[in-house]
Amino acid sequence: MKLGFTEAEEAFRVEAATWLTAALSGPFADVRGVTSLVEMPERRREWEKYLAASRWSCIGWPAQYGGRDATLAQQVIFAEEYARAGGPPRLNHLGIELIGPTILAYGSDEQKARFLPAIANGDHIWCQGYSEPGAGSDLGGVRTKAWREGGDWVIEGQKVWTSLAQFCDWIFVIARTDPESVGSKGLSFLLVPMDQDGVTVRNIVQMTGESEFNETFFDAARTDAANILGEPGQGWGVAMALLGFERGVSTLGQQMGFRNELDDLIEAARANGSAGDPVIRQKIAQAEIGLRLMRYGALRMLTASADGGSNPAAFTYKIQWANWRQSLGELAMEVLGQAGEISDAHGEYAFSRLPHLFLYSRADTIYGGTNEIQRNIIAERALGLPREARTRAK
Amino acid sequence: MRFAFTDEQAMIAETATDLFVGEATSERTRAAMADGSGRDVALWDSLSGTGFVGVHMPGDVGGSELGMVELAIIAEAAGRQVAAVPLIATQAALSALHADGRADLIERVLGGQVATLALAGGLAPHGTIADLFLIEQDGGLVVADRDAVDVVAGTTMDQTRPLAQVTLTWAPIATLSAKALDAAKHTGWIAVAADALGGAQACLDRTVEYVKERQQFGQTIGGFQAIKHRLADMMVEIEQARSAVYWAACAVDEGAEDAELALHSAKAFAADAYATCAGAMIQLHGGIGFTWEHDAHLFFKRAQADRTLFGSSAQHREAIAQIIGLGAIAA
């Protein structure tokens, strides 16, 4: 057990930090410090390409597809330095972190050659088509259907909560390809181009007033028959495996964002004097502890997966960070008091970082598997308790 | 960076678990509780014999030359069985003696003697059976033999770790530096946190086992979401406690800059997690969990003892508040 880094790894840190600082204070100074997922999408698309040109876009990938075969320690260091340098949210997060690794694991050689370099170099930005109006926590309730017609798959249906669909080139879709099937059987995992008449994207306005989620409609949308990952009818297994990649190294970058939020809160508490309140101090200290433990939980998970195994911390990580962040939002409002409830955006319904966090973090315990679903998963898969009775009308 | 046990550490964990599961049985622990000592003498001899007591001491004084990670592994295994042994304070005292190079006193302890540690304002765990007393005084520690202290024992809620009021009445045999006091605290905090981690994990494991057996309404109660979700929440706390304990242990072993923060985090978080899990254990066992016969109360009481030993959770969080720059408490 060792937490420190070697000299060679520290040298890599300097190399990464130097490059990132130069890029984000030079040609990409304008995207430095951006925290919103929807701000400056075009510049952030260029940023993806700029990262790729120096092979920084997906360092953990194999070199033949645009990566660097980086070790776990190097990936951890890069994620931390990226956040420290003020790098913006990665527009191609879903491509690099989710669909890329899934194609590496399940794709044919042709699919790897076709899709991976385009993700690595920023040409293809990806989004996710899982949830539907009638299939949220119960993903097996998917009703979007697809069938073969000539050399194509044809897709009909509706997806929802497709983050960033308005900026994306490709979407991965779970669709029912066996019309007689129910539940997790008879589903297929399709890769579908967004730029076609059969695909329509409509914004959803969130309770924060912004729009980063969408509804995506498929009306006789088409994709090449070869664009299926795994066998027809075996899409559920691929879809679940993809979710397993969600707890990768990018969680460390996400944590650096949380660090900035907690630092803002501490600053606000010092500024308005509430930092001297014994009760507030206890809560801020608890938040500090929770954030630190997130890092070490992630390092346990990442070490285990680099060794080809898994760690129990992977089961609890989602609830851990979601609860932490929601509590931080609530603590922020306690620190700010009534002043936090009034916008400084001159007539616009927009709030500064901490009040925004208070609103936004209500989503954290819902998306990516609600806390209730997470608890079922922990109880059934980690603790071996009996499965919930599941009934489904056909 | 590799945040997982080495093969050697995994082996120590296995050996320690086997030892405590084999020896620290409910029957033997209850015998040690009943005689008022809180010490299973045969188990204490085994721990001395295997080198577990001096796991963190150098080889030239008879230690095992390992570090805080290994010490935490052993304390975790002890906590899992709520073992009745004076391990935590003895190991904390050893760290203080080592910091000031008192090989003579270390040899006494490694020879099988029990040491205890009374921090300012605190009681001495296992004070009634201790041979060597380390008492916080004037920013450092004084070391006294039994005949130089007045020991007043009270009936203690946690009978696996009886507490005593200790007063120095005669000349101490040594005084130790502030550095030694810090070393005692650091080891003590890690050991308590690891004890709490092991205890919390046992609460979860034993409760999971129970709800898989217990039938009500024509089914095992482990199938009810109200039960499953509460157990899942216990696991969420425990996995964080595990990260906390081994982060702190590594931070001390590696001399990391954030060691102080890690120690306070581990002590506060793990002890609180234990208290939560032990309370849930009683609740999810229902009536049987409230009986003297069931072991749930052993965990519940030890959890409370872990929370207050060597500083309360609130005190540790206040220490963190100061480290992260919140300034002073407003008057």
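Across the interface of chain A and chain B, 29 residue pairs are in polar contact, both residues being at pLDDT 80 or more; a polar contact is a pair of N or O atoms within 3.5 Å, where within protein one must be able to donate a hydrogen and the other to accept it, and residues adjacent in sequence count only if both atoms are side-chain atoms. The model is predicted, with local features requiring pLDDT of at least 70 and side-chain atom pairs counted only at pLDDT 80 or more, whereas totals for chains, interfaces and linings use all residues. Residues are numbered from 1 along each chain as its sequence is written, chains are lettered from A and ligands numbered from 1 in the order in which they are written, and side-chain values use heavy atoms, with hydrogens and water left out.

The elements that give two or more residues to the side of chain A touching chain B are helices H3 (72–84), H7 (250–271), H8 (278–306), H9 (313–336) and H11 (371–382) of chain A, helices being DSSP runs (H or I, at least four residues) numbered from the N terminus. H8(A) gives the most, with 15 residues. By class, this side of chain A has 24 nonpolar, 11 polar and 13 charged residues; Ala, Val, Leu, Ile, Met, Phe, Trp, Tyr, Cys and Pro count as nonpolar, Asp, Glu, Lys and Arg as charged, and the others, Gly among them, as polar.

Six salt bridges are found across the interface of chain A and chain B (a side-chain nitrogen of Lys or Arg within 4 Å of a carboxyl oxygen of Asp or Glu). The side chains of Arg300(A) and Glu239(B) are joined by a salt bridge at 2.6 Å, N to O. Chain A and chain B bury about 4,400 Å² between them, 64% of it on carbon and sulfur atoms; buried area is the accessible area (1.4 Å probe) that two parts lose on being put together, summed over both. Met1(A), Arg281(A) and Arg300(A) supply 20% of the area that chain A buries against chain B, more than any other three residues.

Over all chains, the whole structure holds 25 aromatic pairs (ring centres of Phe, Tyr and Trp, the last by its six-membered ring, within 6.5 Å; planes under 30 degrees apart count as stacked, over 60 as edge-to-face and the rest as tilted). Trp19(A) and Trp47(A) are stacked because their ring centres lie 6.2 Å apart and their planes are at 25 degrees. Both Trp19(A) and Trp47(A) are buried (under 20% relative accessible area, 1.4 Å probe, protein chains only). Phe258(A) and Trp321(A) form a tilted pair, 5.8 Å centre to centre with 35 degrees between the planes.

Technical notes. Buried < 20%, exposed > 50% of the residue type's maximum accessible area, 1.4 Å probe, protein only.
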